[in-house]
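Let's take a friendly walk through a protein model. Have the sequence and the 3D view ready, and follow along.

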Amino acid sequence: MSDQKITRVAVDIYGNTYKMAGYESAGHMRLVATMVDDKMREIQSANPSLDTAKLAVLTAVNTMHDYLKVKEQLEELEHELKQLKGGLNG
């Protein structure tokens with residue numbers, strides 16, 4: 001990875017500016033930041049009394065839940081694909 005250029009971008013999440021750095025495009029990093037901001041605002045609208053720290057933790061928990069659900073779906077689809085391929089080869 002040493003030959004890849006590091007992209008740096010400033011993003012706004014829930015009213016705070018963060019400097020992000022990574023190997024992804026600036027557009028990708030902005031999209032990630034926008035999705036985090038949107039999720040925080042969605043959770044905050046349902047729970048207006050949450051402080052920022054608790055809101056951030058709930059956002060992380062919800063995001064990880066969504067990630068695990070998608071990962072499970074991917075694994076199921078990969079398993080189905082293997083079964084279909086096995087049926088075609090047999």
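What follows goes from the strands to the helices, then to salt bridges and surface patches.

This is a predicted model, so a few ground rules apply: local features need pLDDT of at least 70, side-chain atom pairs count only at pLDDT 80 or more, and totals for chains, interfaces and linings use all residues. Residues are numbered from 1 along each chain as its sequence is written, and side-chain values use heavy atoms, with hydrogens and water left out.

## Strands and a loop

Start with Ala10, which sits in strand S1. Strands here are DSSP runs of E with at least two residues, helices are runs of H or I with at least four, and both are numbered from the N terminus. Setting aside residues up to four places away in sequence, Ala10 touches Thr17, Tyr18 and Lys19. Touching, or contact, means heavy atoms within 4.5 Å. Ala10 also has Met29 to compare with: the two are 19 residues apart along the chain, and their C-alpha atoms are separated by 9.2 Å.

Next, look at Tyr14, in the loop between strand S1 (7-13) and strand S2 (16-22). Tyr14 isn't a glycine, yet its phi is positive, at about 55°. Most residues other than glycine have a negative phi.

## Into helix H1

Leu31 is part of helix H1. Is Leu31 buried, partly exposed or exposed? Its relative accessibility is 47%, so Leu31 counts as partly exposed. The cut-offs are simple: buried means under 20% relative accessible area, exposed means over 50%, and partly exposed is in between (1.4 Å probe, protein chains only). Val11 and Leu31 are 20 residues apart in sequence, and their C-alpha atoms are 9.5 Å apart in space.

## Salt bridges

How many salt bridges does the structure hold? There are three. A salt bridge here is a side-chain nitrogen of Lys or Arg within 4 Å of a carboxyl oxygen of Asp or Glu. Here they are, side by side:

| Side chains | N to O distance |
|---|---|
| Asp37 and Arg41 | 2.9 Å |
| Lys39 and Glu42 | 3.7 Å |
| Lys39 and Asp66 | 3.8 Å |

Take Asp37 and Arg41 to begin with. They are four residues apart in helix H1 (residues 26-46), so about one helical turn separates them. Asp37 counts as buried because its relative accessibility is 11%, while Arg41, at 41%, counts as partly exposed.

Now for Lys39 and Glu42. Both lie in helix H1, three residues apart, which is about one turn of the helix. Glu42 is partly exposed, with a relative accessible area of 48%. Lys39, at 19% relative accessibility, counts as buried.

Lys39 also pairs with Asp66 in a salt bridge. Asp66 has a relative accessibility of 35%, so it counts as partly exposed. Put together, Lys39, Glu42 and Asp66 are linked in a network of salt bridges.

What does Lys39 touch, not counting residues up to four places away in sequence? Its contacts are Thr59, Thr63 and Asp66. Thr59 lies in helix H2 and is buried, with a relative accessible area of 4%. Leaving aside neighbours within four places in sequence, Thr59 is in contact with Val36, Lys39, Met40 and Ile43.

## Patches on the surface

Which residues form a nonpolar patch on the surface? They are Met64, Tyr67 and Leu68, with about 310 Å² of accessible area together. Accessible areas come from the Shrake-Rupley method with a 1.4 Å probe, and for residues only the protein chains shown count as cover. Patch members have over 30% relative accessible area and no salt bridge; like charges are joined within 9 Å, and nonpolar side chains (Val, Leu, Ile, Met, Phe, Trp, Tyr) within 5 Å. Leu68 belongs to helix H2 (residues 52-89), and with 40% relative accessibility Leu68 counts as partly exposed.

There's a negative surface patch too, made by Glu72, Glu75, Glu76, Glu78 and Glu80. Asp and Glu count as negative and Lys and Arg as positive, with His and the chain ends not counted. The place of a charge is taken as NZ of Lys, CZ of Arg, CG of Asp or CD of Glu. Glu78 is located in helix H2, and Glu78 counts as partly exposed because its relative accessibility is 43%.
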